[in-house]
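Please examine the structure before reading the solutions.

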Amino acid sequence: MNKIYLDNAATTPLSEEVIDAMVSTMKMNFGNPSSTHSFGQEAKILIENVRRQVAEYLHVTPAEIIFTSCGTESNNMIIKSSVEHLGIERIISTPLEHKCVSETILDMKNRKGVEVNYIRPNEKGDIDLNKLEELLKTSDKKTLVSLMHANNEIGNISDIKKIAELCKASNALFHSDTVQTMAHMNLDFSDIMVDFASCSAHKFHGPKGVGFAFIRKATGMKGIITGGPQERSLRAGTENVSGIVGLGKALELSLNHMEEYTNHMQEIKDYAIERLSAVIPDIKFNGRSAEKEKSLYTVLSALLPYKNPLIGLQLDMKGIAISQGSACSSGASKPSMVMMMVLTEDEMDHCTPLRISFSHMTTKAEIDALADALEEISKEFAIEKTNVEHR
Ligand code: PLP
């Protein structure tokens, strides 16, 4: 059975070039970058080259890039350190954030007594920026705003340039979880004045276990992992040299092919919307998922017009990997907070969300296979529904 992978928002397959660069580093550059001898210094040079490359991409200085183990660590570091070292007393966020942000904010509330204000999105998953502006004006407490760039479940893109301006006007710090957009979009942080952002290499065909945090220099941020002076003392621990090299190679490939990959994935996404709408006429798309410009081209969040908590498993048995979203009101998976925000209660009870996510490797033939499989499954449900109605 030819397997089809349509879960690229969860993780992406490694590029061959990335694997080659990593293997070569593991073989040839095993030195500890903190060692002063040539083995160490050669490894150190590799890391600094990638740091410069990332800084160039984001239009920032290399000193503002701190390598970490993943997006989760970067977000933890930014939020926890803002509270512990920068005197943050209040955090403004939304229920749409990834768990590594929302749980960390909750932790800061419970353990550090930080005030947390949530902005509830509308049924499209949009955040009202007037509400943010209002909230920013209501308190003198030192505030961190944490709003993601693109949502990993529905793909909604937020206007982080505008949000950064609102934060600046109120002297608030701004953190954006940019894990789903780094290396997928051109990001210029000399124009978009975020204070903190995060990246994870495995979301763009790099390795797992490596990412970085962007920490704007003027913020005076300190690290939360203590030990040696690595990463300018912001993140102690011997660096993952081959991982960082892999991140650099994956970023280079993404940037070199950005236009080609973006056009390809947008075309694939449009095709998926067309094909799925043809085989399941009552299908819906969640949030801004089906709207160009407002949604990330890698993510399509669909809503099937029947309840089938086993759909992920059924598709997997047909060799197709997708993420189920999870608005199930029964079974093992609990509804995700994002789905609870964008679906009605009736939809939660009677429909099934599916997240289909693409890479530059996804083909139209794979979308056809998904459409065929969903058509078959949906017909079974239509027959079952008719039988129940006639009983
Ligand atoms: N933030 C977002 C928006 C994500 O989609 C993910 C991963 O799914 C993360 C953070 C966590 O990244 P990592 O898997 O590198 O910890």
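Helices (H or I, at least four residues) and strands (E, at least two) are DSSP runs, numbered from the N terminus. This is a predicted model, in which local features need pLDDT of at least 70, side-chain atom pairs count only at pLDDT 80 or more, and totals for chains, interfaces and linings use all residues. Residues are numbered from 1 along each chain as its sequence is written, and side-chain values use heavy atoms, without hydrogens and water.

**Exercise 1.** Determine in which helix Thr 25 is found, and whether Thr 25 is buried or exposed.

*Solution.* Thr 25 belongs to helix H1. Its relative accessibility is 4%, so Thr 25 counts as buried (buried: under 20% relative accessible area; exposed: over 50%; partly exposed in between; 1.4 Å probe, protein chains only). Leaving aside neighbours within four places in sequence, Thr 25 is in contact (heavy atoms within 4.5 Å) with Phe 30, Leu 46, Val 241, Ser 242 and Val 245.

**Exercise 2.** Describe how the axes of H2 and H7 are placed.

*Solution.* The axes are lines fitted to C-alpha atoms over the stretch in contact, with angles from 0 to 180 degrees between N-to-C directions. Those of H2 (residues 38–58) and H7 (residues 241–256) come within 9 Å and cross at roughly 35 degrees. Residues making the contact include Leu 46 and Val 50 of H2, and Val 241 and Val 245 of H7.

**Exercise 3.** Identify which residues touch the most other members of the largest nonpolar core.

*Solution.* A nonpolar core is a set of buried Ala, Val, Leu, Ile, Met, Phe, Trp, Tyr and Cys residues joined through side-chain atoms within 4.5 Å.
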